[in-house]
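Colleague: Please go through some local backbone and packing features of this model with me.

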Amino acid sequence: MGADCCGGDTGSRHDPHAASRALAHAEAEGLVSKDLKARLERVAAYLGDAKRSGVRIHGGVLNGTRVSYFRGKHAVAALDKEVAEGMVLRDADIPHDHEHDHDHEDAVCDAHQPLSKADRITATLETLVLHGLIVRVDKHPQQKKVVSITALQSFDPAEYYVLAYTPHSLFMTFASLGLVAVVLAGVMFPLWPEPLRVGVSYLSYAILGLLGVLFALAIVRLVVYGALYAVGKPGWLFPNLFADVGILESFVPVWEWESSTAAAPADAKPKSE
């Protein structure tokens with residue numbers, strides 16, 4: 001009778017994707033508790049903690065912004081750990097589809113049977129996607145660190161996902177207070193002691209000098225590129241100078257031939273000086 005009361009094949013009754021879609025619909029109707037939302041945020045924070053979860057976090061660039069992304073199968077493995085048992089959605093937290101009707105009040109429906117742990121993990125990750133806590137992306141075929149958002153937002157262990165949730169930390173709170181303190185200190189600059197004002201003046205001159213050096217370097221690299229382009233062998237001095245990388249990485253490598261040019265000699269080695 002369990003097979004007849006639901007009116008469908010057995011595989012559709014334990015679909016974790018359908019369960020998570022029902023959960024998203026329940027939230028839209030205001031039926032999801034704050035405790036459940038907090039649990040979902042805790043799962044996202046747990047996945048972002050590589051030391052605790054063991055998820056392999058990769059650095060990437062999405063629309064010019066640095067992001068952290070991981071593969072779906074690593075998230076599944078992380079939630080399958082004992083430490084994450086309390087984070088995975090319980091069967092009672094996942095609404096079931098009630099569109100079917102029972103012929104008898106005591107009928108037992110397979111759709112009401114408890115979900116397996118694997119299904120609950122999949123439903124949890126699918127729910128994170130539907131709530132925008134993780135976002136499905138595709139890797140650029142040529143640029144390894146560049147990712148782009150896919151039109152199909154669903155969970156697949158073989159795909160990649162960007163962590164879109166940033167937990168509020170004590171460090172961020174102190175950083176915000178520190179920023180306010182710096183602004184107030186700048187406004188009160190005329191009241192500073194004379195030696196302190198002189199020191200800040202010299203520091204500002206040093207910063208302006210550094211900016212001048214960067215502008216001069218940008219002009220030099222442009223002139224060098226133009227000269228080499230005229231002879232058919234274009235290349236860049238400090239090719240990562242304006243790339244979205246760290247300070248030290250901006251000056252590595254020192255030289256790079258333009259990849260689209262076939263005229264560059266094959267045995268040419270970049271100068272390290």
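Colleague: Which residue in β2 is the bridge partner of Gly60?

Modeller: This is a predicted model, where local features need pLDDT of at least 70, side-chain atom pairs count only at pLDDT 80 or more, and totals for chains, interfaces and linings use all residues. Residues are numbered from 1 along each chain as its sequence is written, and side-chain values use heavy atoms, without hydrogens and water. Strands β1 (residues 58-62) and β2 (residues 65-71) pair in the antiparallel sense over five bridges; strands are DSSP runs of E with at least two residues, helices runs of H or I with at least four, numbered from the N terminus, and pairing requires at least two DSSP bridges. In β2, the partner of Gly60 is Val67.

Colleague: Is Asn63 buried or exposed?

Modeller: Asn63 lies in the loop between β1 and β2, and its phi is positive, near 55°, in a residue other than glycine. Buried means under 20% relative accessible area, exposed over 50%, and partly exposed in between, with a 1.4 Å probe and protein chains only. At 71%, Asn63 is therefore exposed.

Colleague: Is Phe238 buried or exposed?

Modeller: Phe238 is in the loop between β6 and β7, with a positive phi of about 50° although it is not a glycine. Its relative accessible area is 16%, so Phe238 is buried.

Colleague: What is omega for the peptide bond that joins Val252 and Pro253?

Modeller: Pro253 is placed in the loop between β6 (235-237) and β7 (255-257). The bond from Val252 to Pro253 is cis, with omega about -5°.
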